[in-house]
Amino acid sequence: MTAEAQDVTDLLLSRIRDVADYPKPGVLFKDITPLLADPEAFTALTDALAGLCSAHGATKIVGLEARGFILAAPVAVRAGLGFIPVRKAGKLPGATLRQAYELEYGTAEIEVHAEDLAAGDRVMVIDDVLATGGTAEASIELIRRAGAEVAGVAVLMELGFLPGRARLEPALNGAPLTALITV
């Protein structure tokens with residue numbers, strides 16, 4: 001890691017607040033709202049993610065509901081790329097592609113407008129946290145079902161003690177997975 005990249009990592013880490021016992025006892029929640037409130041840190045995060053989009057040849061950016069929207073939209077503006085929201089099922093009007101995925105206790109569905117992605121698109125998936133990888137994996141399936149290519153997945157933070165990376169590796173099919181921070 002370069003000194004500049006380490007400086008960005010240190011800045012981002014310094015703006016993430018630990019909240020004990022949230023949302024339930026025994027959980028240490030990583031709150032990114034102080035990072036978002038700090039213009040220097042949010043700019044550094046946006047620049048780092050936009051740089052990854054450029055490095056991987058992305059032509060569009062997908063943001064995963066809901067905090068992924070907060071990160072992906074300014075990255076799309078900075079990178080000069082289109083932003084596509086991937087929403088929970090039932091939130092988008094018109095024709096959509098829908099993908100179900102497994103949760104720890106049950107299933108969920110996400111969707112994207114069918115016309116927003118097409119053959120020739122190279123799509124970068126952006127989210128705040130990689131935990132178990134279910135939502136990211138489902139978004140990769142949606143992108144491919146739309147005929148587009150996955151340029152990569154980029155997250156602010158990976159929870160390294162959970163199996164998200166291992167779950168995503170087969171679905172990535174060689175596309176890069178980048179976490180700016182691993183905790």
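Which side chain meets Glu111 in a salt bridge? I looked it up in this predicted model, where local features need pLDDT of at least 70, side-chain atom pairs count only at pLDDT 80 or more, and totals for chains, interfaces and linings use all residues. Residues are numbered from 1 along each chain as its sequence is written, and side-chain values use heavy atoms, with hydrogens and water left out.

**Entry 1.** The partner is Arg98, at 3.0 Å, N to O. I took a salt bridge to be a side-chain nitrogen of Lys or Arg within 4 Å of a carboxyl oxygen of Asp or Glu. Glu111 lies in strand E6 (residues 106-113) and Arg98 in strand E5 (residues 96-103), so the bridge ties together parts 13 residues apart in sequence. Strands (E, at least two residues) and helices (H or I, at least four) are DSSP runs, numbered from the N terminus. Glu111 is buried at 1% relative accessible area, while Arg98 is partly exposed at 38%. Buried means under 20%, exposed over 50%, and partly exposed in between (1.4 Å probe, protein chains only).

**Entry 2.** I searched the whole structure and found twelve salt bridges. One of them joins Arg17 and Asp31 at 2.4 Å, N to O. Arg17 is in strand E1 (residues 17-20) and Asp31 in strand E2 (residues 28-31). Asp31 is buried at 8%, and Arg17 is partly exposed at 45%.

**Entry 3.** I then looked at Arg78 and Asp47, whose side chains meet in a salt bridge of 1.9 Å, N to O. Arg78 lies in helix H4 and Asp47 in helix H3 (residues 39-55), so this pair ties together parts 31 residues apart in sequence.
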